[in-house]
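Subject: Structure for you to look over

Hello,

Here is the structure I said I would pass on. Please open it first; my notes on what turned up follow below.

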Amino acid sequence: MTDNRVLGDDACDARELEPALSTLLAQALIAYRIELDNEFEGQLARSGFPGFKLPVVFWPLLRHVDDPGTTVVALLERTGWTEKDLFPMIGGVERWGYVEVRLETDAPIRRPSRDGYGSSRRLRGTSVLIPKAVCRRAKELWPPIIAATDDRWTERFGRDAMGELRGSLAAITDTSAEGSIADPLAAALHAFAREVETDSPLPMAIAANFLPALSTDPIRVRELPGRTGVTGRPVVPALGVLERSGMITVRPAETGRGKVVTLTPAGLRERDAYAERVTQVERTWRARHGAAVIESLRGTLEAMKSRLADGLHPPEGCWRASREYAAQTRAILDDPQSALPRHPIGPWLTTS
């Protein structure tokens, strides 16, 4: 049985006694995504497009944007997303310069807004996304980079191990064992999260990453990236969800600058309840898919942990090598099990 308790008094110090199956799946997927993202950014820079960040995050949308332009209606159909999911992504790819936007087919191209939403506040079904040169280049680079990343994983972890991993994931997700390993990893993790979230007041991305990292003792907000592996913008919205749910309090630090966050009694109960949900889902999977399948999956992922960081060294000039993210990158390279997030934040990686 998976024990999600952690070392320390009432708080997680980010080292689980035995990682949950969902954590093993998530950290393998996130490591693949970082490796792919670093390579993608480096190749874009060498192609004459330096400074373009987050291509992997944007790929699920960019792959559907074609010349001479693609309407919002078409994008909704191709992605299967809702407007709530699609519009912020459009704002992101517009703001980062991957596409241009016309609010109507014959309307002038809009200048991107700086508020983080781009033209998404005024989008409608007939609005059109027009790929820019960097988008076209990204679409050319994607298939060979995916293939090369999968080849590196096969070389790094061994053909037998990757075959066992693919076989276990195929048995669980009822999907093909072919294609990029990222797709069945994401499918299995998505299925696991869906079951955990059935009776949960929180999205798994917040519960998995933040609840184990918090305590009834005050923790400085600036320490959370190191405790959770989550850096940048997602930290503040996650704390907002937890605070509105009555699970944490956030207040100014008594000494020094910044704020501290503390688990409330409700938050402490939910942290324990979340750990039990994760354990129960793994028990359910053992009964449903067979103990041998789950043991094979867990054993393969456990064996991979020690080499997850091998492909995560960022190229020079990559955003993960910048001063803002250097400390977190070093932490991941030193100890990926402790430093990688325990669940993906934002769009999950799919390659097909």
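Accessible areas here come from the Shrake-Rupley method with a 1.4 Å probe, and for residues only the protein chains shown count as cover. On that basis, the chain has an accessible surface of about 16300 Å², and carbon and sulfur atoms account for 52% of that surface.

Two notes on how to read the rest. This is a predicted model, in which local features need pLDDT of at least 70 and side-chain atom pairs count only at pLDDT 80 or more, while totals for chains, interfaces and linings use all residues. Residues are numbered from 1 along each chain as its sequence is written, and side-chain values use heavy atoms, with hydrogens and water left out.

Overall fold

The chain contains 14 helices and six strands; these are DSSP runs numbered from the N terminus, with helices being H or I of at least four residues and strands E of at least two. Of the 352 residues in the chain, 51% are buried. Buried means under 20% relative accessible area, exposed means over 50%, and partly exposed is in between (1.4 Å probe, protein chains only). If contacts (heavy atoms within 4.5 Å) are taken between residues at least 6 apart in sequence, 69% of them join residues at least 24 apart.

The loop between α2 and β1

Aspartate 67 and proline 68 are joined by a cis peptide bond, with omega about 0°. Proline 68 sits in the loop between α2 (55–62) and β1 (70–71).

Aspartate 66 makes a salt bridge with arginine 78, and their closest N and O atoms are 3.0 Å apart. Aspartate 66 is in the loop between α2 and β1 while arginine 78 is in helix α3 (residues 72–79), so this pair ties together parts twelve residues apart in sequence. Aspartate 66 is partly exposed at 30% relative accessibility, and arginine 78 is partly exposed at 41%.

Other salt bridges

The whole structure has 19 salt bridges, counted where a side-chain nitrogen of Lys or Arg is within 4 Å of a carboxyl oxygen of Asp or Glu. Glutamate 270 and arginine 277 form one of them, at 2.7 Å from N to O, and both residues are buried.

Glutamate 302 and arginine 298 form another, with 3.4 Å between the closest N and O atoms. They are four residues apart in helix α12 (residues 291–304), a separation of about one helical turn. Arginine 298 is buried at 5% relative accessibility, whereas glutamate 302 is partly exposed at 24%. Both belong to a salt-bridge network that links Glu282, Arg286, Glu295, Arg298, Glu302 and Lys305.

Aromatic pairs

Rings of Phe, Tyr and Trp (its six-membered ring) pair if their centres lie within 6.5 Å; planes under 30 degrees apart count as stacked, over 60 as edge-to-face and the rest as tilted. The whole structure has nine aromatic pairs. Tyrosine 32 and tryptophan 153 form an edge-to-face pair, 5.2 Å centre to centre with 65° between the planes. Tyrosine 32 lies in helix α1 (residues 21–46) and tryptophan 153 in helix α5 (residues 133–157), so the pair ties together parts 121 residues apart in sequence.

Tryptophan 153 also pairs edge-to-face with phenylalanine 157, at 5.1 Å centre to centre and 75° between the planes. These two are four residues apart in helix α5, or about one helical turn, and both are buried. Elsewhere, Phe49, Phe52, Phe58 and Tyr98 form one aromatic cluster.

Regards
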